[in-house]
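Subject: Handover of the model and notes on what it contains

Dear colleague,

Here is the structure I promised to pass on, with the sequence alongside.

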Amino acid sequence: MRRLLAVSVTFALAASLAALPLAASAAPGGPAAAVGVTAASIKEPVAVGTGGAVASMDLNASQAGIDALKHGGNAIDAAVATASALGVTIPFVAGPGGGGFMVIYLARTHQVITINGRETCPGACTSSMFVDPKTGQPYGYDYASDQPLATGVPSMVATWAKAVSRYGNKSLAADLQPAIRIADSGFRVNADFRQLTESDLPELQAYPASRSLLLTRAGNPLPVGYLLRNPDLARTYRLLARYGPSYLYDGPLGRAIVGADDHPVTTPGQTVVALPGIMTMNDLRAYTARVQSPTHVRYRGLDIYSMAPPSSSGSTVGEALNILSGYNLSAEPRATALFHYLEASRLSYADRDAYVGDPRYVSVPLSGLLSPAFAATRRCLIHDQALVSPVAAGDPYPPYQSCPGQSSSPAASASPEGSHTNNIVTADKWGDIVAYTNTINFFGGSGETVPGYGFLLNNEMTDFDFAPPAAGAYDPNLPAGGKQPRSSMGPVIALRNGKPVFTVGAAGGSTIITTILQIIINHVDFGMSLPAALAAPRVSQTNSPTSLAEPAFYNSALAKQLTSEFGEQFTEATGPILPLDHYPGDATALQVLRDGRLEAIAEPVRLGGGSALVVNPSR
Ligand code: DON
């Protein structure tokens, strides 16, 4: 029900100071300030300099990454330090209860590798787990997202441990220290934190453990300016630092997670939580974060690397770029170029929904989806008018047909997917680069805090399709025991002549892919600086009858031209939670400038702006 909430965007310190949270320490605020890590900086969306760089949604989290870099850590250590700190400061989109995908450029070996740290469905999952046995119909997406049943095996800690042990300079224990300091010392609740709390309020209220951590005694959002400490999460990180990931995957923390998921303790009278989880200790013991090969396509002389399935980002961004390679976007009138971008996205999304799932369970035709020859069979469907969605998937198996006719498909089955997560980018003085998209899914995950451990559990399993598009039809993304749901998360690292040029990643559920695509074409084809490319108004086409457009795009002359000349239709990206539903996700990026300096880039405006920092600022 969270999207039906009316949320005030005016946040005041005037909220009752008497309404202190039960377990978290709160204190009336002076000016909001970063504490707990080294000297507080000012939140800036762009930073240029040397010695390493970090960009994330949050100043404290970026500062944690910079601390790791300053203490001998590399980009991998910085990414883990930033992600674990984000679990403290923005627990609604990050933390040990979730999962994600890390794309890494290793300077020493000139390799791009990826880590698949996606949650798995417990062994007892079945293809009909999100079908209501009483009606035979799939549950509503929001209803299912609020249930412990939607929690997958938390995979974040396994990802951090694998990344650091294989590629870091330091240890997991060292990389968790900045987050521990922030959790101990506290941080100031800001407007974004409050807004995220509002968006998940009924779910948080449904659990005493979430109420006592994140709400006032009366069950309201914490006021802006409060100093929020999380001693439970500090203790959790200390235990993980001391005992390693087995404390979760085969130890007391795991038992607490399984207990919370399967036997949730709820607030008397709550009406949100109805379907307990089905997780076991064996599910946790079986979890492994896996090193995978990246996807790769060539685009305008760049080598574009991203995340392979079960992420759909690498294949969908790659296919769309292959389609766009057939047009000279930089020479086209802007409306024509954007028409080609929208149609390439539309067609690629049809293929994503039809073919991408967990490759350990279904056969994913990845080489076909990434083949320029297959892209040619999709490009030739684009003429001078918008295609009618849902368009049918293509046939990504060779030999490719020369130009099959366009047909429409049965209603797409893809689940609606939530719209928020986070992307972290880091770089170090040795030339390593990390882009890490991670989440607990829909704002606040399932809403359930693991009692005594100070973090929220994910609700990532609603990224599975709840039912096939038609009875008995093939669907690569149905739930199964041990399976990973398809994801849109997957940042990109671009190389030219073997050297990293830029990286970009985004939040925003299914709009992650289009945000990355649009930033790439803004920068590479339209010649915008990377900060301008990231800030520009977004428009997202995901094989829907209309494209989701931010207000600045929706109201632009270009949008009107796209409608009158090309038949493109738009929906204004707006919603009751402002500005969270007002735009397709927030992004971060980083580039290596010609002189070797690093430029870290975060959002200037969306979600109140992110934080870019460098070790040695040069201006
Ligand atoms: O994996 C995915 O694609 C989504 N679960 C990404 C997370 C996201 O944007 C969550 N939305 N609330």
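This is a predicted model: local features need pLDDT of at least 70, side-chain atom pairs count only at pLDDT 80 or more; totals for chains, interfaces and linings use all residues.

Residues are numbered from 1 along each chain as its sequence is written, and side-chain values use heavy atoms, with hydrogens and water left out.

**The chain as a whole**

The secondary structure comes to 21 helices and 18 strands, where helices (H or I, at least four residues) and strands (E, at least two) are DSSP runs numbered from the N terminus. Of the 619 residues in the chain, 63% are buried; here buried means under 20% relative accessible area, exposed means over 50%, and partly exposed lies in between, with a 1.4 Å probe and protein chains only. The chain exposes about 20,200 Å², of which carbon and sulfur atoms supply 56%, the areas coming from the Shrake-Rupley method with a 1.4 Å probe and, for residues, with only the protein chains shown counting as cover. Taking the contacts (heavy atoms within 4.5 Å) with a separation of 6 or more, 74% are between residues 24 or more positions apart.

**Cores**

In soluble globular proteins, nonpolar side chains tend to be buried together. The largest nonpolar core has 89 residues, and the members that touch the most others are Ile104, Trp160 and Tyr237; such a core is a set of buried Ala, Val, Leu, Ile, Met, Phe, Trp, Tyr and Cys residues joined through side-chain atoms within 4.5 Å. When neighbours within four places in sequence are left aside, the contacts of Tyr237 include Ser84, Val88, Pro96, Trp160, Leu176 and Ile180. There is also a second, separate core of 76 residues, with Leu321, Val425, Ile512 and Ala602 among them.

**Aromatic and charged contacts**

The structure holds 12 aromatic pairs, a pair being two rings of Phe, Tyr or Trp (its six-membered ring) with centres within 6.5 Å, counted as stacked when the planes are under 30 degrees apart, edge-to-face when over 60, and tilted for the rest. Trp160 and Tyr237 form a tilted pair because their ring centres are 6.2 Å apart and their planes stand at 55 degrees. This pair links distant parts of the chain, since Trp160 is in helix 4 (residues 156-167) and Tyr237 in helix 10 (residues 231-243), 77 residues apart.

Phe374 and Tyr400 make another tilted pair, 6.0 Å centre to centre with 45 degrees between the planes. Phe374 is buried at 0% relative accessibility, whereas Tyr400 is partly exposed at 23%. Elsewhere, ring pairs link Phe92, Phe187 and Phe193 into a cluster.

**Helix 6**

In helix 6 (residues 177-185), the buried residues are Pro178, Ala179, Ile180, Ile182 and Ala183. They pack against helix 1 (59-70), helix 2 (75-89), helix 5 (172-175), strand 4 (187-188) and helix 10. The helix is followed by Gly186, which has a positive phi near 95 degrees.

**Backbone details to look at**

Most residues other than glycine have a negative phi, and most peptide bonds are trans. The bond from Pro309 to Pro310 is cis, with omega near 20 degrees, and Pro310 is found in the loop between strand 8 (302-306) and helix 14 (313-324). Pro398 and Pro399 are likewise joined by a cis peptide bond, with omega about 0 degrees, and Pro399 lies in the loop between helix 17 (372-379) and strand 9 (422-428).

His110, in the loop between strand 2 (99-106) and strand 3 (111-117), has a positive phi near 55 degrees and is exposed at 58% relative accessible area. Leu607 also has a positive phi, of about 55 degrees, but it is buried at 7% relative accessibility, in the loop between strand 17 (598-601) and strand 18 (611-617).

With best wishes
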